[in-house]
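Subject: Structure handover

Hello,

Here is the structure for you to look through. My notes on it follow below.

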Amino acid sequence: MCGIIAVIDRAGRRMDGTGIRAALSMMDERGSGEGAGYAVYGAFPEFSDSYAIHVFFDAVHETKAAVDRELEKWGTIVHDEEIPTYENRRIRKVHTPWRYFFKPDPALMPRSTTPEDDIVMHLAMKINTTIPGALVYSSGKNIAIFKASGWPEDVADFYRIQDYEGYIWLGHNRYPTNTPGWWGGAHPFNLLGWSVVHNGEITSYGTNRRYIESFGYRCTMFTDTEVVAYLFDLLVRRHGLTPELAVKALAPPFWDEIDCMEERERTLCKAIRLTYGSAMMNGPFAIVVAKPDGIVGFTDRIKLRPLVCGTAGMRLYISSEEAAIRVMEPELESVTMPAAGEPVIGRLCV
Amino acid sequence: MTIGSVPVRFGITIDRARCMLCGRCVENCPYDVFRRDEDTIHVNSRKCVACHRCVAMCPRDAISIRQRPVDYRDHPVWTEEVREAIYNQARTGKIILAGMGNAKPYPVIFDRLVLDACQVTNPSIDPLREPMELRTYIGKKPKKLEFRYDNGDISLETTLSPNLELATPIMVGHMSYGAISLNAQKSIAMAVKETGTFMGTGEGGLHPSLYPYQDRMIVQVASGRFGVNIDYLERGAAIEIKIGQGAKPGIGGHLPGEKVCEDVSCTRMIPVGSDAISPAPHHDIYSIEDLKQLVRSLKEATSWQKPVFVKIAAVHNSAAIAAGIARSSADAVVIDGFRGGTGAAPRVFRDHVGIPVEAAVASVDAKLRSQGIRNEVSIIASGGIRESADVAKIIALGADAVYIGTAALVAMGCRVCGTCYRGLCPWGIATQRPDLVARLDPEVASKQVANLIHAWTLELSELMGAAGINSIESLRGNRDRLRGYLLDESTMRVLDVKPVGA
Ligand code: SF4
Ligand code: SF4
């Protein structure tokens, strides 16, 4: 189950959260009220060059000092605040969501080509594995994630997402089947600029997790989707693949198809499968991954989960259901269904 | 005081009413159990090894074989096996030889691991309707790829090392010409060609009649260097350096002079009738650095066109050794568990030295991952793979592919009598005696081996489909798909699997 929806305004025009709230709520029967969440890109123009580090605290007074200390070791906290939430009878507040605007000191990670990102990634892994009661669930620049256990409209109202604006929105309505519904397990999953919403199950999770962990990532959210954000970070940011090539690694063509390709393409696809075989994802899935300059949607190789795309002007929508897209945009110029494993990419053109 | 004879192990009876005195039992038993005298078949049960050749060949089903008609006084510690070994050694003063794999009833870890399947939310995949990919590449892989992007055009900068392409992750391991007959090797060669996989030559060289199958053969370089020259290396699809063997870790090999006939002598490049001794260590390898030199010189000799594997016996520090091997430029590490078969080994080694391949593979895989190099080297598991479920389980524990040995022999007719070291194998497999060798028809036996590999491959795809996996890459190292059933906690920690119900 699960319902996903994503939208990008390729011209970079910002939309508030009202539309996505309505669209996701339309897919309520794809969820169970145990988790919903939203991601918005462009949420913090006033802090756009700081990393927005979002933390769930079990008990602020007990653990926040430890997190502050960890952050201060690696850079400067420009500003921090409790994320405003609004009482909602249908959401039991189990964590206190907090956001830090943080500037890492690149001099502290001298051997890296992307020292700031590496510092923030290290901090996320370190805090999540060593500070009990604190969970970093989002860490990108100018990106906000809002998630909790509850129905889509309740989670939206709890954070009042209509008060935020952005040029990319992701929404996810969760029907947890393999792990308990908890705040950390709700989607989107984020690391640095990567945010992921996912419908399905990744049967290769055991392989993917052990692969990604050998590159220094730590899976702490008890759910399969988390690895997708890390895999994109590894493949695209650290290994320099384009998002198209990353999708070829995660949902590669079948060998029979590769065998029939012309030589150049065949060499490329074979090299990707051989090198990134452990990153390949199996099982039924439809996924949308966002990064600051675009979104990419794709499904598993035999398309066991639905994915629909719609366009209207500069806007590209990707969702589990056409009806959800039409809630946001009744007049669509085109509606298409991508083939299994084929990426749909919407790039920012500003 | 004399020891006296030990009781017979197998008692044979002939149902006289059924016997038609055809004499086939006499002809078929190379151990001289049967003798014909006028109109009676006489039996000497003491010589029987329970190879079942007579039973299989008797046209009237007149022969029955029973184990141990005489019991020792029961004792839980001083078992009959222990006592008999002492009697035999007290008499001979020699090392006891044994064939086939470990015969001790150690619990089999495989049998305490269960595979997982999908229900509802993650649908299983039907291998009859959906593609299942078992194709496996063995060899070095780069850690990451480099690309060049020229206005929209992507080209690959990284050059891949040569890899073996397997249609199924099941290969047949190294059994040398000498240990097994040429007909047995031919049967396997035809079978691996048919099924798109590979076999090992063992350390016996490559017989010219196998040249047509050379692109399916992994040639072995062991400490004795038998049959090794540049022509041999160039013929193989890959080269394997054998450091150790699961059935006898820490010791070398010995093919007795009697087995070194004309043909074996040419193939091994040693004089007729001379003992072929491979010492325990390679005399040029005393460290990982030395191993690296050999790996690299074999690569250099073959213009870096052949993958080079290194085979070690599963021992407690396999993980550290494998990490060294992975950094030595080797393309694959082969881990041979303590249930691996053998033509001949001291019984004490076969039964008591080494560790199970399940634990060794799990720890090697974990170590290579902790060092971030797992992806760059392949892991081949061997020694005690008995069925397709074992293949699935060991891959989930971290192997890329398996070698089978005994299973392939059983497919050819071997009854696991464990008497291979005597060179009288009644099925024509582990023998060089021409009349016995002739009993194995390579056409027929190869079909049986190919059938076995094919059947296991089908079962493997069914198991993967049930787990919602349609490509072998996603089963590899996927320990989430395994659960330990009545396994002790410490073993589960080594295997890194959860218990059933968790
Ligand atoms: S093979 Fe069977 S029928 Fe023939 S002689 Fe032996 S016991 Fe009798
Ligand atoms: S190969 Fe021959 S001698 Fe060895 S166990 Fe099998 S049947 Fe017996």
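The radius of gyration is taken over C-alpha atoms, and the globule rule is 2.2 Å times the number of residues to the power 0.38. For the 350 residues of chain A, a compact globule would come out near 20 Å, and chain A has 19 Å, which agrees. Please keep in mind that this is a predicted model.

Overall build: chain A has ten helices and 18 strands. Its C-alpha trace spans about 60 × 50 × 40 Å along the principal axes. Of the 350 residues in chain A, 65% are buried. Chain A has 37 positive and 45 negative charges, and their mean positions are 4 Å apart.

Aromatic rings: a search of the whole structure finds 17 aromatic pairs. In one of them, Phe44(A) and Phe101(A) have ring centres 4.9 Å apart and planes at 80 degrees, so the pair is edge-to-face. Phe44(A) sits in the loop between strand 3 (36–41) and strand 4 (51–57), while Phe101(A) is in strand 6 (residues 96–104), 57 residues apart. Both Phe44(A) and Phe101(A) are buried.

Phe57(A) and Trp98(A) also pair edge-to-face, with centres 6.2 Å apart and planes at 75 degrees. This pair links strand 4, which holds Phe57(A), with strand 6, which holds Trp98(A). Phe57(A) is buried at a relative accessible area of 0%, and Trp98(A) is buried at 14%.

Ring pairs also link a cluster whose members include Phe56(A), Tyr137(A) and Trp183(A).

Regards

Terms used: Residues are numbered from 1 along each chain as its sequence is written. Chains are lettered from A and ligands numbered from 1 in the order in which they are written. This is a predicted model: local features need pLDDT of at least 70, side-chain atom pairs count only at pLDDT 80 or more; totals for chains, interfaces and linings use all residues. Side-chain values use heavy atoms; hydrogens and water are left out. Helices (H or I, at least four residues) and strands (E, at least two) are DSSP runs, numbered from the N terminus. Buried means under 20% relative accessible area, exposed over 50%, partly exposed in between (1.4 Å probe, protein chains only). Lys and Arg count as positive and Asp and Glu as negative; His and the chain ends are not counted. The place of a charge is taken as NZ of Lys, CZ of Arg, CG of Asp or CD of Glu. Rings of Phe, Tyr and Trp (its six-membered ring) pair if their centres lie within 6.5 Å; planes under 30 degrees apart count as stacked, over 60 as edge-to-face and the rest as tilted.
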